[in-house]
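Thanks for coming, everyone. Please bring up the model, and we will walk through it together.

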Amino acid sequence: DHARLAQQAGSSMPPATVVMVRDPVLEARWLEADPDLALELPLRVLIHQEGAAASPLVSRQSGAALLQRHGLSDASLAALYNTSTTALLQKVPTSAVRPVPALESVSDGIVSISSPLDIASTRKRVLEIIQSQSDTVLFKEIRFENANHVKQPTSPITLILFGAPGPGGRAMADATLLGLDAFCQKLLIREDADGRVLVRFNDLTWIAARQGIAISPVLQAINTRLIQTFQEGLLASQDAQQ
């Protein structure tokens with residue numbers, strides 16, 4: 001509940017609640033196609049209101065739009081996502097549902113940091129960084145390799161969901177749609193084909209641009225802080241080892 005958490009942190013914004021659902025079949029198929037698709041999981045819809053007098057909306061992503069970001073165009077993967085989303089919304093009037101359109105972009109909007117640590121130590125360090133931030137909340141850790149209903153990936157894939165409700169609420173005050181993809185923030189830890197450990201997460205300004213939302217100073221500040229915090233935090237881990 002974005003609005004409730006923001007209010008508790010001293011920020012005010014219109015009603016906005018994101019619903020996230022894990023779909024084992026979707027996860028298995030998508031992660032097999034590309035481990036970076038973990039950044040598009042879990043399945044989610046956003047129930048929100050843009051202004052006091054506005055009617056409630058339900059915003060959702062389309063499978064094709066999400067795959068396009070990663071250079072994929074598998075119709076069966078897109079259909080799987082859309083079918084699962086439709087099942088969540090079967091009792092919602094179609095007039096209230098607003099798909100987020102796919103937009104062409106020269107980049108994928110993913111920030112990638114190479115970790116100097118092994119994958120277990122990187123996960124531990126990332127959690128330490130998140131928990132050291134006084135205004136930040138750790139919401140959920142999804143370790144796909146520990147889910148017996150998901151096909152075992154070739155290497156561990158961890159997705160960490162977290163956020164700072166105060167700054168996030170201020171960023172969403174005039175743009176509740178950010179609650180679908182930008183907030184909460186999702187951080188992916190995985191190995192690449194060469195065994196290098198990567199920490200990857202969404203560039204929030206890219207998400208805003210894709211959604212047709214103006215990049216506010218608050219959102220820019222959150223994005224800059226996010227990048228600097230993990231770059232410096234992981235670099236400090238390397239320095240401590242030397």
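Glutamine 133 is partly exposed, with a relative accessible area of 23%. On that scale, buried means under 20% relative accessible area, exposed means over 50%, and partly exposed is in between, using a 1.4 Å probe and protein chains only. Keep in mind that this is a predicted model: local features need pLDDT of at least 70, side-chain atom pairs count only at pLDDT 80 or more, and totals for chains, interfaces and linings use all residues. Residues are numbered from 1 along each chain as its sequence is written, and side-chain values use heavy atoms, with hydrogens and water left out.

Where does glutamine 133 sit? It is in the loop between H5 and E6. Those labels are DSSP runs, numbered from the N terminus: helices are H or I with at least four residues, strands are E with at least two. Leaving aside residues up to four places away in sequence, glutamine 133 touches Arg225 and Thr229. Touching, or contact, means heavy atoms within 4.5 Å. Alanine 164 is 31 residues away along the chain, and its C-alpha is separated from that of glutamine 133 by 8.7 Å.

A salt bridge here is a side-chain nitrogen of Lys or Arg within 4 Å of a carboxyl oxygen of Asp or Glu. Arginine 225 is partly exposed at 31% relative accessibility. Aspartate 135 is partly exposed as well, at 28%.

How many salt bridges does the structure hold? There are 14. Take glutamate 40 and arginine 69, whose side chains meet at 2.9 Å, N to O. Glutamate 40 is in the loop between H2 and E2, arginine 69 is in helix H3, and the two are 29 residues apart. Buried or exposed? Glutamate 40 counts as buried, at 1% relative accessibility. Arginine 69 is buried too, at 8%.

Next, aspartate 181 and arginine 44. Their closest N and O atoms are 2.4 Å apart in a salt bridge. Aspartate 181 lies in helix H7, residues 178-181, and arginine 44 in strand E2, so this pair joins parts 137 residues apart in sequence. Aspartate 181 is buried at 3%, and arginine 44 is buried at 1%. Salt bridges with shared partners put Glu40, Arg44, Arg69, Asp181 and Arg210 into one network.

Now the sheets. Two strands pair if DSSP finds at least two bridges between them. E1 and E2 pair in the antiparallel sense over six bridges. Valine 19 stands opposite valine 45 in E2.

Which residues of H4 are buried? They are Leu77, Ala78, Tyr81, Ser84 and Thr85. They cover an arc of only 135 degrees around the axis, which puts them on the same side of H4. That arc is taken from the directions from the helix axis to the C-beta atoms. On the other side of H4, Ala75 and Thr83 are exposed. Among the elements covering the buried residues are helix H2 (24-33) and helix H3 (63-69).

E6 and E7 pair in the antiparallel sense over six bridges. In E7, threonine 158 is the bridge partner of arginine 143.
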